[in-house]
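Please read the points below with the model open beside them.

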Amino acid sequence: MTSYSPERSLGFVLHDVSRLLRRAFDRRARTIGLTRAQWFVLAHLSRNEGINQAALADIMEIEPITLVHQLDRLEAAGWIERRLDPEDRRVRLLFLTDGGRPILDRMYELGSETRAEAVAGLSEAEHDALIDTLLRIKTNLSTTLAEPGDGPAAVTAAPARRRRRAGSRNE
């Protein structure tokens, strides 16, 4: 039996690499005036334009009020806009603006620089194998966490949805 070593533990290594990637990207993002919270919102919104505020908060695994504060700042900067949902006027849908798209483009450039720094010294084959392995792990965990009737994207929002369900049972 092998002894446990946090330095070789998948969870610890993934957490540390993720933390270091965020810190490296944060350092670059500060040069264009972005905070971590802002770039996190912009990144998720770019993948989910037209989403409502509550659904974006679910995907990001944050409380809706926390997201609202970030959206207020991004809207004041002219990078996003909230539009009324034509089917439900109580709901606001989120979109990047023409002013936000150059910021997003610059974020992609900074992300590319950060990734290049992170994988320096890996061959293309090693890089591809790493990504393939991580995607397989993601699929394994997504399948394990999926609830009956969930669609493919539901696992992303599941933690926040479970928090809400637990809260409603406790009320």
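**Notes on the predicted model**

1. Apart from neighbours within four places in sequence, D26 is in contact with R36 and W39; contact means heavy atoms within 4.5 Å. D26 lies in helix α1. Helices (H or I, at least four residues) and strands (E, at least two) are DSSP runs, numbered from the N terminus. D26 counts as buried because its relative accessibility is 11%. The classes are buried for under 20% relative accessible area, exposed for over 50%, and partly exposed in between (1.4 Å probe, protein chains only).

2. On the source: this is a predicted model, in which local features need pLDDT of at least 70 and side-chain atom pairs count only at pLDDT 80 or more, while totals for chains, interfaces and linings use all residues. Residues are numbered from 1 along each chain as its sequence is written, and side-chain values use heavy atoms, with hydrogens and water left out.

3. Helix α1 also holds A29. A29 has a relative accessible area of 0% and is therefore buried. Leaving aside neighbours within four places in sequence, A29 is in contact with L34, W39 and L110. From A29 to I103 the separation is 74 residues in sequence, but 9.9 Å in space, C-alpha to C-alpha.

4. Which residues form the nonpolar patch on the surface? They are L10, L14, L122, L130, I131, L134 and L135, with about 550 Å² of accessible area together. Accessible areas come from the Shrake-Rupley method with a 1.4 Å probe, and for residues only the protein chains shown count as cover. Patches are made of residues with over 30% relative accessible area and no salt bridge; like charges are joined within 9 Å, and nonpolar side chains (Val, Leu, Ile, Met, Phe, Trp, Tyr) within 5 Å. A salt bridge is a side-chain nitrogen of Lys or Arg within 4 Å of a carboxyl oxygen of Asp or Glu.

5. Helices α1 (10–30) and α6 (124–145) each supply at least two residues of this patch. The largest share, four residues, comes from α6. L122 sits in the loop between α5 (100–118) and α6. With a relative accessible area of 38%, L122 is partly exposed.

6. For the chain as a whole, there are seven helices and two strands, in the order α-α-α-α-β-β-α-α-α from the N terminus on. Of its 171 residues, 27% count as buried. Among contacts between residues at least 6 apart in sequence, 49% join residues at least 24 apart. The accessible surface comes to about 11600 Å², of which 56% belongs to carbon and sulfur atoms.
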